[in-house]
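Here is a protein model to read piece by piece. Look it over, then work through the questions.

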Amino acid sequence: MKTLVVPSDSGVSAAAAILASGGIVALPTETVYGLGADALNPAACAAIFEAKDRPLSDPLIVHVPDPDWIFRLAEISPPAARLAECFWPGPLTIVLPRTRLVPCIVTSGQETVALRMSAHPVFQAVAAAFGRPIAAPSANRFGRISPTSAEHVVAELEGRIPLVVDAGPCAHGIESTIVHVTGDRLRILRRGPVTAEQLAEFGDVQEARDGIAVPGGLKSHYAPRTPLVISDGLLKPGPNDGLLAWDGTGEGFRRVEFLSPAQDLREAAANLYAAMRRLDEAGLDRIIAERVPETGLGAAVMERLRKASAR
Ligand code: TXA
Ligand code: MG
């Protein structure tokens, strides 16, 4: 199969047509690029798992075209309604008890469904033209680095999908925050652009420990092929090591990628995956990653670095 990359002006109607015919298509969101299919069509969703080599035990996020779909897809509670009202459209995924409308393949047989509404204008235009919810995991091979540009999607899935809608780099650059809502309890399953501090206003926040809570949250994830090591501050660079730098100069390293010269955590998150990919392609022995401060978005960045370093 030939993979076409098209700009968003011509891509929107082409993508909606593919979705309507039960196909899969890569779409931009404000977090990372997603691989979308009709969420209410089990066979279409199966094609997502196939293209990504993703195990069927790892459930998909359902992206709604408008907030009212939440009532058809999930049993909604007052705190969940407040979260959707405040953060949608945006980078927050809410896990709730599912209704019968949601196919089992989407939830991997679980009784909960993960819902989000993307704020990306191109994604929204496709969702509006299609008029139904879109199941979309990140558009990478299973276990690999999430794509933050159309070129990354092509590097991951060329020949496996018919179309990528190219809308340039993603604004956030890391995946949505996932929160499981039960009563007033909010359990963060994956850290992301919406921080624990922001969620605390809506209920009793519990942060799940790394790598256990999300079914797909295997300890190793978002991984480059080159071994990645988190710096303890004492690591000496070898002759063929690269640095993913936060506050270091990179002296002594063969290759350096600076996450944010201005030490801005938003910029660091937005650059993270593209920088990891460039280091991964440089033929290095190791990628040494400097720690970033674990406040706000920094917690989400460190969660990704820990998973990328797990072997
Ligand atoms: O920003 C994002 O969330 C991107 C864009 C494309 O929307 N999507 C994304 O999807 O990151 P994915 O599939 O790569 O990661 C979703 C995670 C998986 O680890 C999956 O296990 C978890 O969400 N998940 C999905 N449904 C769940 C559920 N019902 N309960 C708990 N975790 C769930
Ligand atoms: Mg993913």
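Q: Which residues of α6 do Ser8, Val12, Ala15, Ala16, Leu19 and Ala20 in α1 meet?
A: This is a predicted model. Contact here means heavy atoms within 4.5 Å. By that test, the listed residues of α1 meet Val122, Ala125, Val126, Ala129 and Phe130.

Q: Are α1 and α6 parallel, perpendicular or oblique to each other?
A: Two packed helices are described by the angle between their axes and the distance between the axes. The axes of α1 and α6 come within 9 Å and cross at roughly 40 degrees. Angles under 35 degrees count as roughly parallel, and 65 to 115 as roughly perpendicular. The two helices are therefore oblique.

Q: Why do the buried residues of α6 line one face of the helix?
A: Helix α6 covers residues 121–130, and its buried residues are Val122, Phe123, Val126, Ala127 and Phe130. Seen down the axis of α6, they fall within an arc, so they line one face. That arc is 135 degrees.

Q: Which exposed residues does α6 carry on the face turned away from its buried side?
A: Exposed means over 50% relative accessible area. On the face of α6 turned away from the buried side, the exposed residues are Pro121, Ala128 and Ala129.

Q: What covers the buried residues of α6?
A: Helix α1 (8–20) is included in the cover. Strands are too, among them β2 (25–27), β3 (34–38) and β4 (61–63). The cover also includes β7 (134–135) and β8 (163–166).

Q: Which residue just after α6 takes a positive phi?
A: Look just past the end of α6. The phi there is about 80 degrees, and the residue is Gly131.

Q: Which residue of β15 is the bridge partner of Ile230?
A: β12 and β15 (residues 286–289) pair in the parallel sense over three bridges. Within β15, the partner of Ile230 is Ala289.

Q: Which residue in β15 stands opposite Leu243?
A: β13 and β15 pair in the parallel sense over four bridges. Opposite Leu243 stands Ile288.

Notes
Residues are numbered from 1 along each chain as its sequence is written. Chains are lettered from A and ligands numbered from 1 in the order in which they are written. This is a predicted model: local features need pLDDT of at least 70, side-chain atom pairs count only at pLDDT 80 or more; totals for chains, interfaces and linings use all residues. Side-chain values use heavy atoms; hydrogens and water are left out. Buried means under 20% relative accessible area, exposed over 50%, partly exposed in between (1.4 Å probe, protein chains only). The arc is that of the directions from the helix axis to the C-beta atoms. Two strands pair if DSSP finds at least two bridges between them. Axes are lines fitted to C-alpha atoms, for helices over the stretch in contact, and angles run from 0 to 180 degrees between N-to-C directions. Angles under 35 degrees count as roughly parallel, over 145 as roughly antiparallel, 65 to 115 as roughly perpendicular and the rest as oblique.
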